[in-house]
Amino acid sequence: MSKERLYIFDTTLRDGEQTQGVDFSIDDKEKIALALDTLGVDYIEGGWPGANPTDTEFFQKKLKFKNSKLTAFGMTKRTGRSADNDPGISALLDSNASSICLVGKSWDFHVDVALGITNDENLENISESAKHFIKEKKEFMFDAEHFFDGYKNNPKYALSCLKAAYAQGARWIVLCDTNGGTLPHEVSKIVSEVSKQIPGKNLGIHAHNDTGNAVANTLAAILAGVRQVQGTINGLGERCGNANLMSLIPTFFLKKDFSNKFETNINPRDIKNLTQCSRLLDEILNRKPNQHLPYVGAAAFSHKGGLHVSAVQKDPKTYEHINPEEVGNTRNIVVSDQAGKSNIISRLKTIGVNIKENDPKIKKLLEEVKDREFIGYSYDGADASFELLARRIVGEIPRYISISEYDVSVKKNATGKIISTAKAQLEVDGEKIVCEGEGNGPVNALDNAIRNNIDRLAKYSKYLKDLKLVDYKVRILNTGTEAVTRVSIESTDAKGKNWFTIGVSTNIIDASFKALVDSLDYKLFKDNAPASS
Ligand SMILES: [Zn+2]
């Protein structure tokens with residue numbers, strides 16, 4: 001039985017960019033577009049040429065794609081002008097995009113309140129715009145803004161807006177849930193009704209996530225007939241976001257009600273790149289990835305409880321809905337107070353420590369983890385610190401840089417600026433090195449003290465040059481008798497792999513220092529740096 005084709009339309013660079021705090025450079029846009037093309041999406045909406053200089057310039061780059069069509073976004077022509085004479089429309093033609101997606105109103109309330117024109121004028125704007133682009137041999141899509149709200153309010157008028165574009169030869173009519181308030185059962189019902197008038201093979205869905213149902217609404221729309229799916233990487237989008245393609249794409253491949261019926265332009269083996277694609281966007285946005293994203297989040301296949309872990313080890317299907325490797329993700333066995341011996345053994349296997357199950361060192365490590373958790377350590381999110389602890393007990397971590405003393409001070413100067421200075425005494429191969437640095441906080445100052453003196457760290461310089469602190473988090477814990485501080489540090493390097501370390505102390509600077517030293521040690525260990533003599 002031949003499968004039906006689903007078309008994937010990514011709007012990260014256009015609708016995703018509407019998000020508060022998101023402002024892509026041309027270079028960012030190019031990186032994201034190339035990742036999407038490599039993945040194999042059908043359409044990449046690059047932006048709104050003519051509306052802002054970055055988008056205009058992005059289209060002028062004329063990027064060559066292997067799989068995707070670059071799509072330009074714009075608005076239907078203005079009332080009282082011909083399409084030939086509308087500068088917005090001309091800018092889209094000048095963009096050289098092969099497909100055009102024009103947004104227009106389909107809710108009579110908006111036609112009246114937002115545009116202040118008559119319903120007939122709006123219909124004319126839609127049909128004249130469609131006619132113009134089709135005459136110019138562009139693949140044309142009509143984004144029916146607020147379609148679901150419009151349909152609920154005045155179904156006849158909402159449908160006439162769609163037909164105004166479809167009658168001119170629009171390839172796609174995209175049904176938008178712009179305010180994101182529609183629920184899956186309503187989407188099913190409305191799409192079924194619409195598809196009696198316009199064939200499903202010409203319909204698309206654009207869902208916003210304001211009720212947490214953007215993905216569910218998209219799936220409901222597909223089952224009711226639509227064949228184009230719009231969304232963004234990680235669900236990036238204003239308010240609560242757009243439909244998340246990183247959830248939808250694996251669903252099309254890995255859930256049989258979809259995989260038996262549909263195919264896409266994406267090569268099945270390329271869905272392994274989804275996790276990487278998701279992380280790339282976070283990296284560009286300089287955001288900490290959301291660990292709890294379905295399929296691609298770091299916690300999506302994390303197991304903590306002892307019983308869960310021993311079951312997962314017998315057969316991962318016991319607590320996993322798919323194999324994480326199918327989407328390029330990994331299983332993560334979390335070590336915690338609840339964990340038994342099976343957790344520790346499994347965690348050791350994951351990091352590649354080969355040790356016999358009855359080795360007394362396992363018991364020692366378990367006790368050490370429990371003791372540390374008692375005083376406030378938590379290795380759930382601190383993989384690198386756990387690995388160092390485990391390997392130290394097994395005897396695999398050499399001594400690298402010793403830090404014998406440090407001194408940190410915080411000062412507010414006459415202009416009100418707060419400056420931290422740090423001084424640390426390091427030792428490499430028996431030689432003492434005094435490092436000094438300044439920063440906007442004590443950890444930053446300590447980090448800078450080491451970083452400013454990297455060239456003096458002899459054989460370790462080359463290993464630490466690309467080390468970067470990405471995130472720093474402090475939590476004050478009450479352990480009963482006294483308050484202790486837990487500091488977590490996220491680090492990265494030129495290879496792009498992030499690691500997490502932790503430090504606990506009654507003193508915030510000491511806790512920070514411990515987490516920082518673990519970060520340095522971990523970097524030296526994973527890069528196979530030699531021991532200090
Ligand atoms: Zn939108």
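Helices (H or I, at least four residues) and strands (E, at least two) are DSSP runs, numbered from the N terminus. In this predicted model, Ser95 lies in the loop that links helix H3 (87–94) to strand S5 (99–105).

**Zinc site**
- Asp15 (OD), His206 (NE2) and His208 (NE2) coordinate the zinc ion at 1.9 to 2.2 Å.
- The sequence spacing of these donor residues is D-x190-H-x1-H.
- His206 counts as buried because its relative accessibility is 4%, under the 20% cut-off.
- His208 is also at 4% relative accessibility and therefore counts as buried.

**Nonpolar cores**
- The largest nonpolar core contains 83 residues.
- Phe24, Phe147, Leu162, Ile173, Leu175, Val194 and Phe252 have the most contacts inside this core.
- Helix H7 (residues 155–166) supplies the largest share of the core, with seven residues.
- Beyond its neighbours within four places in sequence, Leu175 contacts Ala144, Phe147, Phe148, Leu162, Val191, Val194, Leu203, Gly204, Ile205 and His206. One of these, His206, is also a zinc donor.
- A second, separate core has 37 residues, including Leu467, Val487, Ile509 and Leu516.

**Surroundings of Ser95**
- Leaving out residues up to four places away in sequence, Ser95 touches Pro49, Phe59 and Ala72.

Conventions
Residues are numbered from 1 along each chain as its sequence is written. This is a predicted model: local features need pLDDT of at least 70, side-chain atom pairs count only at pLDDT 80 or more; totals for chains, interfaces and linings use all residues. Side-chain values use heavy atoms; hydrogens and water are left out. Donors are N, O and S atoms within 2.8 Å of the metal (3.2 Å for Na, K and Ca); water is not among the atoms, so sites may look incomplete. Buried means under 20% relative accessible area, exposed over 50%, partly exposed in between (1.4 Å probe, protein chains only). A nonpolar core is a set of buried Ala, Val, Leu, Ile, Met, Phe, Trp, Tyr and Cys residues joined through side-chain atoms within 4.5 Å. Contact means heavy atoms within 4.5 Å.
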